[in-house]
Each structure stands twice: as structure tokens, then as C-alpha cells.
Amino acid sequence: MSKTKYIKVAVSERLPEKEGKYLARVFHYSNFELYEFSSGEFRTSFLIDEWMEEVSDREQEMKEMLEECRLQLEYLNKAPDNRGFFY
């Protein structure tokens, strides 16, 4: 089962690609609220600083990759002559 996470994106970096409702905030320290995004802008009289982008949670995939790297390094460290590998 895939989890969903959100990351903060500064409006100065990029805007959402699709129209819809997004969690966004006006000031850096204010609370996130829902704002409509359409026609390339947030529909509000306030200047939006940040918005939340939904991203898939890749935590399990990253753990599996790190474990594979750890096992490969462990194998290389046990090899009879690994001195030339890092030089």
C-alpha cells in the first residue's frame, strides 16, 4: 500500500501543474489553508508564498536500496584484495 506525503514548494520556484485546490499559505509562519489554483494562479487576493505538493512515499524503496548497498559494501570489504577498488 502506497503512502502519500507532501512537500513544501515555494511559489518562487514553481507553481502547480494542474488546476485544483491546494494547501497553501500566505506568510511563511501562517497556517496552511485550501486555496483554488486555476489559470496559472492562486485565486485569492493574498500573495501565496508556499504550497504543498503531493508526492508518493518512497521510504520503503529507499530502505531496500540502502540495504542492498550495505550488503554490497560488506561483500567488497570481505574480498581478499579490495585495495584497488577505491584507488
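Reader: Which residue forms a salt bridge with E59, and how far apart are the closest N and O atoms?
Author: E59 pairs with K63, with 3.4 Å between the closest N and O atoms. A salt bridge here is a side-chain nitrogen of Lys or Arg within 4 Å of a carboxyl oxygen of Asp or Glu. This is a predicted model, where local features need pLDDT of at least 70 and side-chain atom pairs count only at pLDDT 80 or more, while totals for chains, interfaces and linings use all residues. Residues are numbered from 1 along each chain as its sequence is written, and side-chain values use heavy atoms, with hydrogens and water left out.

Reader: Where do E59 and K63 lie?
Author: Both are in helix α1 (residues 59–78), four residues apart, which is about one turn of the helix. Helices (H or I, at least four residues) and strands (E, at least two) are DSSP runs, numbered from the N terminus.

Reader: How accessible is E59? And K63?
Author: E59 has a relative accessible area of 35%, so it is partly exposed. K63 is partly exposed too, at 47%. The cut-offs: buried is under 20% relative accessible area, exposed is over 50%, and partly exposed is in between (1.4 Å probe, protein chains only).

Reader: OK, how many salt bridges does the structure hold?
Author: Nine. Among them, E61 and R58 meet at 2.8 Å, N to O. E61 is partly exposed at 37% relative accessibility, and R58 is partly exposed at 47%.

Reader: Which residues are linked in a network of salt bridges?
Author: E67, R70, E74 and K78.

Reader: And what about R25, which residue does it form a salt bridge with?
Author: R25 pairs with E50, the closest N and O atoms being 2.7 Å apart. R25 sits in strand β2 (residues 20–25) and E50 in strand β5 (residues 50–56), so this pair ties together parts that are 25 residues apart in sequence.

Reader: Are R25 and E50 buried or exposed?
Author: Both are buried.

Reader: Switching topic: which residues make up the largest nonpolar core?
Author: Nine residues: V9, Y22, A24, V26, Y35, F37, F42, I48 and W51. β2 and β3 (33–38) are the elements that give two or more residues to this core. A nonpolar core is a set of buried Ala, Val, Leu, Ile, Met, Phe, Trp, Tyr and Cys residues joined through side-chain atoms within 4.5 Å.

Reader: What does I48 touch?
Author: Leaving out residues up to four places away in sequence, I48 touches V11, A24, R25, V26, Y35 and F42. Contact means heavy atoms within 4.5 Å.

Reader: Now pockets. How much space lies in the largest pocket?
Author: About 230 Å³. On a 1 Å grid over the protein atoms alone, a pocket is an open set of points where a 1.4 Å probe fits, with protein on both sides within 12 Å along at least five of seven lines; lining residues have an atom within 4 Å of a point. Points are joined across faces, edges and corners, and the volume is the space filled by probe spheres set on them.

Reader: What classes make up the lining of the largest pocket?
Author: Seven nonpolar, six charged and no polar residues. Ala, Val, Leu, Ile, Met, Phe, Trp, Tyr, Cys and Pro count as nonpolar, Asp, Glu, Lys and Arg as charged, and the others, Gly among them, as polar.
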